[in-house]
Amino acid sequence: MNFSRPVLFEEAIRLNAIKTALPTTLTSRQLAALSADIKRRAQFSARVAEAEYLDQISGTIADMLSGKTSLATGRVQLQQALREFMPALNPDGGVTDITSNARLDLILRTQTEMAYGYGQTVQGNDPDVVAAFPCTELYRLEDRKDPRDWEARWRVAAQVAGDNDAQRVLAETGRMIARKDSGIWQALGDGAGGYTDTLGNPYPPFAFNSGMWTRDISRSEALELGLIEPQTIVKSADLPDFNQSLQVSYQFRSDAIRAALLQRGDVKFIDGILVPE
Amino acid sequence: MSLSFSLSIRDEVTPLLRSLPSALGGDGIKLAIGRAAARLIQANFAALQSQRPNRHGWPRQGYWAQAARSVSQPKPDSDGVTISVAQPGIAARWFGPTEIKPVAAKTLAIPASPEAYGTRPLDARWSGKLEFSMVGGKYMALVARDNFMRIVAKGKNAGKRVKASAEKATHGAGEIIFWLKRKVTMPQDKTVLPAAEDITAAAVMAAQDYVNAALAKGGKA
């Protein structure tokens with residue numbers, strides 16, 4: 001191996017860069033009801049009505065994705081930015097306090113993990129990569145004190161997606177493995193089975209603070225598991241296409257999000273801030 | 001500082017490539033090879049996440065897990081592919097021993113208590129709560145000005161330190177929160193990346209899988 005100059009994780013950084021700041025007074029629960037597409041394209045935080053602060057979040061996340069800064073330093077940066085907007089800080093507050101460490105960590109961790117998850121999934125669905133690694137495994141990367149039952153979620157998502165092989169492999173091996181072109185990944189992200197903590201994406205982390213991640217499964221192993229046959233051609237997953245968005249202007253992206261949100265009928269904009277109707 | 005390295009495995013893969021139709025010798029096989037290497041690096045970090053709890057027993061920050069997430073596989077180059085790891089500190093460990101000095105301040109702040117771990121002195125939770133001290137007349141530190149925690153008296157969490165408001169806090173005043181050091185040396189740690197021979201073996205297997213897939217499609221890339 002030869003060590004060379006640092007190379008950026010382009011796909012992850014690109015996802016973070018295209019997001020439009022969306023000041024809002026909506027709660028987390030209300031925001032969770034927005035479509036996944038809007039959530040991918042808009043940078044927002046529940047009850048944060050300051051676009052400049054949202055841009056600061058985006059900038060801090062970009063620094064984390066490029067390895068320039070850590071979570072701890074990023075948190076301090078956001079707290080310092082918040083001092084400009086809020087005179088009283090309550091660092092010991094829980095997740096509902098927008099200045100608390102827990103809240104800021106949740107924002108930074110979720111956004112960076114989503115960017116990394118998107119980037120790795122895009123790369124993993126390159127047709128040449130799919131040829132050698134046609135399947136993906138969902139596994140626990142970080143322990144949790146109270147882990148969610150991901151096997152139960154997997155079973156429901158497999159049923160919704162009609163992926164009998166994914167169910168079979170779990171039953172036979174205890175592992176959650178499916179083809180990259182299976183609908184199970186979107187079903188997991190959509191919270192199939194009624195789960196409301198998901199992020200609406202067909203890529204990890206799938207849900208807030210889940211501790212779950214994915215890894216490639218080789219063609220050899222996929223054959224052994226019976227997920228593919230020797231002549232099987234696995235297609236790349238149909239992922240949201242962000243490439244077109246990179247060509248349009250900032251204003252157009254804002255108008256597109258605005259129009260999509262107003263179609264819902266339960267939200268409106270007041271002085272550029274998204275509020276409940 | 002992020003870490004990147006290029007993977008060149010021409011010697012192992014070239015004989016295989018020569019036996020294939022020319023359509024299979026392009027960048028596609030390099031992507032597959034690079035993905036295998038990235039997968040192994042990610043798995044190495046995942047293993048470290050499960051095998052290396054915080055040596056003080058403090059609440060974990062998920063450092064190795066984040067390193068696993070930050071592994072990317074950029075575009076191939078003339079000899080192979082370049083893989084990068086964006087997580088700060090990985091390069092310092094690999095290339096160690098690495099001397100780390102402060103950039104934006106005069107000293108580094110090293111956490112000395114579980115409450116300090118994963119925070120900075122400028123963190124809002126410490127605002128107005130720390131003061132400078134010379135410990136033993138020799139070592140610089142930031143200590144807690146007032147009590148900031150309590151010890152749980154009974155129940156399943158008996159003996160545990162928990163955060164407490166100023167009114168309820170009973171412990172912590174004078175406790176060292178951060179050591180202040182002009183530099184630290186991070187030792188070399190080659191275990192942060194898989195062994196080169198393991199990466200090469202994984203890459204060759206991926207190349208074989210890629211070729212088999214292409215042959216199953218009728219020899220087309």
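Let me start with a cluster of rings in chain A, where A:Trp154, A:Trp185 and A:Phe206 are linked by ring pairs, a pair here being two rings of Phe, Tyr or Trp (for Trp the six-membered ring) whose centres lie within 6.5 Å, called stacked if the planes are under 30 degrees apart, edge-to-face if over 60, and tilted for the rest. What we are looking at is a predicted model, in which local features need pLDDT of at least 70 and side-chain atom pairs count only at pLDDT 80 or more, while totals for chains, interfaces and linings use all residues. Residues are numbered from 1 along each chain as its sequence is written, chains are lettered from A and ligands numbered from 1 in the order in which they are written, and side-chain values use heavy atoms, with hydrogens and water left out.

Over all chains, the structure holds nine aromatic pairs. One of them joins A:Tyr118 and A:Tyr203 edge-to-face, with 5.5 Å from centre to centre and 65° between the planes. This pair links distant parts of the chain, since A:Tyr118 belongs to helix 6 of chain A and A:Tyr203 to the loop between helix 10 (184-189) and strand 6 (212-217), 85 residues apart, where helices (H or I, at least four residues) and strands (E, at least two) are DSSP runs numbered from the N terminus. Both A:Tyr118 and A:Tyr203 are buried, that is, under 20% relative accessible area, with exposed meaning over 50% and partly exposed in between (1.4 Å probe, protein chains only).

In chain B, the ring centres of B:Trp126 and B:Phe178 are 6.2 Å apart and their planes stand at 80°, so this pair is edge-to-face as well. Here too, B:Trp126 and B:Phe178 are buried.

The charged end of B:Arg69, in turn, sits over the ring of A:Trp213, 5.2 Å from its centre, which requires NZ of Lys or CZ of Arg within 6 Å of the ring centre and within 35 degrees of the ring normal.
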